Amino acid sequence: MAVMGNKKSKVSDEVPSSSMADIAFLLLVFFLVTTTFPKDAGLAIVLPEQGEDVAVSQRNILHIVIQPTGIVDVKRGESPQVQQVRPEDIESIWRQDVAANDNLIAAVKTHPDAPYRFMVDVLDALHTAGAERISLQILEG
Amino acid sequence: MAIKGGGFSRKSKTSSEVPSSSMADIAFLLLIFFMVSTVFQKDRDRPIEWPEAEATQKIDEKIKNILNIWVERNGDVFINDRPYAMTDVSTTVGPLYAASDRALVISIRSDREVRYSTIDLLQQQLVAAGVMRVVFATEMEQRMTRERR
């Protein structure tokens, strides 16, 4: 009888499976915690109430005109001088001008045919520069 | 020898423990049930290309207080998976805004190439509905990609 295979090994030949559920739960909790829903973010603005028109002195307005090509025309108050810049340059322009005038308002006028993303680029630059008084308009005429 | 152990020496053949091997299965079953029955968003994602902005901030509002208005590249407006004419947006959003106790935040999810005249009309509709808080939904832009542009 005692020839071969009779002596049983004391070490179990199975992979221990009792902690498998723990491992699975650990992975699950890890992914639950690290998952974020990415798209609920953006640039917040506050719309004016209907019929709310405030007269603002021209010298407190920074006119920002967005052309369909993405070129941005910057005009200060009543001065006829027009400065052509890129959307991302608005950030430094706002920082400079707001340092000189605390009551400055950014009037963003977008051409009807301009893509939405150029307006977002300008709004982004203004938000980055910390601007809060922003007026979004459409370019008329 | 026969009386040793007070006559209680015969062990019961049924195990005295509650079987725990299927506990994980039960837990997973519950988990899958709740995963399937949970509804996250009212509307599905529409095929749009997001505009990018560096100053992108998270919306500080509960998910149920955020209403998404989708604007596709050709100018079609979708609210809660249903297409709307631009002129109907005000009358659609108005009651929802009132029902939410004026806490509703409108998230404008527009394609980056949409003409601005469409966005302006949408803003006018929202102003007419009395909405105050609007977010232009954007994707986070890294400074590296901006410098390359």
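Modeller: Start with two strands of chain A. E5(A) and E6(A) run parallel, joined by 5 bridges. In that pair, Thr110(A) stands opposite Ile138(A) in E6(A). Keep in mind that this is a predicted model.

Colleague: How do I read a strand pairing, parallel or antiparallel?

Modeller: Strands of a sheet pair through backbone hydrogen bonds, in either the parallel or the antiparallel sense. Now take the case here. Strand E2 (residues 61–66) of chain A pairs with strand E5 (residues 105–110) of chain A in the parallel sense, over 6 bridges. Val65(A) has Lys109(A) as its bridge partner in E5(A). Leu62(A) stands opposite Ala106(A), again in E5(A).

Colleague: In what order do the strands of that open sheet in chain A stand?

Modeller: The order is E4-E3-E2-E5-E6 in chain A, an open sheet of 5 strands with mixed pairing. Look at the edges next. Strand E4 (82–85) and strand E6 (134–138) of chain A each have a single partner strand, so one side of each lacks a neighbour in the sheet. From one strand to the next, the twist averages 25°.

Colleague: Which helix packs on this sheet, and at what angle to E6(A)?

Modeller: H3(B) does, and it touches E5 and E6 of chain A. Its direction makes about 115° with that of E6(A).

Colleague: Now the other sheet. Which strands make up the open sheet of 7?

Modeller: Read the chain letters as you go. The order is E2(B)-E1(A)-E7(B)-E6(B)-E3(B)-E4(B)-E5(B), and the pairing is mixed. E2 and strand E5 (82–84) of chain B are the edge strands, each with a single partner, so each has one side without a neighbour in the sheet.

Colleague: How does E1 of chain A join E7(B), and over how many bridges?

Modeller: Strand E1 (residues 41–46) of chain A and E7(B) run antiparallel, with 5 bridges between them. For a pair within chain B, take strand E3 (residues 66–71) and strand E4 (residues 77–79), antiparallel over 3 bridges. There, Trp70(B) has Phe78(B) as its bridge partner in E4(B). A helix packs on this sheet too: helix H3 (residues 116–128) of chain A touches E1 of chain A together with E6 and E7 of chain B. The direction of H3(A) makes about 80° with that of E1(A).

Colleague: How is the size of an interface given?

Modeller: It is often given as the accessible area lost when the parts come together. Between chain B and chain A, the buried area is about 3,700 Å², and carbon and sulfur atoms give 59% of that. In residues, 45 of chain B are in contact with 38 of chain A.

Colleague: What about polar contacts and salt bridges across the interface?

Modeller: Side chains of opposite charge can pair when their charged atoms come close. Across this interface there are 2 salt bridges. Glu113(B) and Arg117(A) meet in a salt bridge at 2.8 Å, N to O. The interface also has 15 residue pairs in polar contact.

Colleague: Which element gives the most to the side of chain B that touches chain A?

Modeller: Several elements give two or more residues, among them helix H1 (23–37), helix H3 (116–128) and strand E7 (133–137) of chain B. H3(B) gives the most, with 8 residues. By class, this side of chain B has 25 nonpolar, 6 polar and 14 charged residues.

Colleague: How many salt bridges are there over all chains?

Modeller: The count comes to 12. Arg46(B) and Asp81(B) meet in a salt bridge at 3.9 Å, N to O. This pair links distant parts of the chain, 35 residues apart. Arg46(B) lies in the loop between H1 and E1 of chain B, and Asp81(B) in the loop between E4 and E5 of chain B.

How values were computed:
Residues are numbered from 1 along each chain as its sequence is written. Chains are lettered from A and ligands numbered from 1 in the order in which they are written. This is a predicted model: local features need pLDDT of at least 70, side-chain atom pairs count only at pLDDT 80 or more; totals for chains, interfaces and linings use all residues. Side-chain values use heavy atoms; hydrogens and water are left out. Contact means heavy atoms within 4.5 Å. Buried area is the accessible area (1.4 Å probe) that two parts lose on being put together, summed over both. A salt bridge is a side-chain nitrogen of Lys or Arg within 4 Å of a carboxyl oxygen of Asp or Glu. A polar contact is a pair of N or O atoms within 3.5 Å; within protein, one must be able to donate a hydrogen and the other to accept it, and residues adjacent in sequence count only if both atoms are side-chain atoms. Helices (H or I, at least four residues) and strands (E, at least two) are DSSP runs, numbered from the N terminus. Ala, Val, Leu, Ile, Met, Phe, Trp, Tyr, Cys and Pro count as nonpolar, Asp, Glu, Lys and Arg as charged, and the others, Gly among them, as polar. Two strands pair if DSSP finds at least two bridges between them. Axes are lines fitted to C-alpha atoms, for helices over the stretch in contact, and angles run from 0 to 180 degrees between N-to-C directions.
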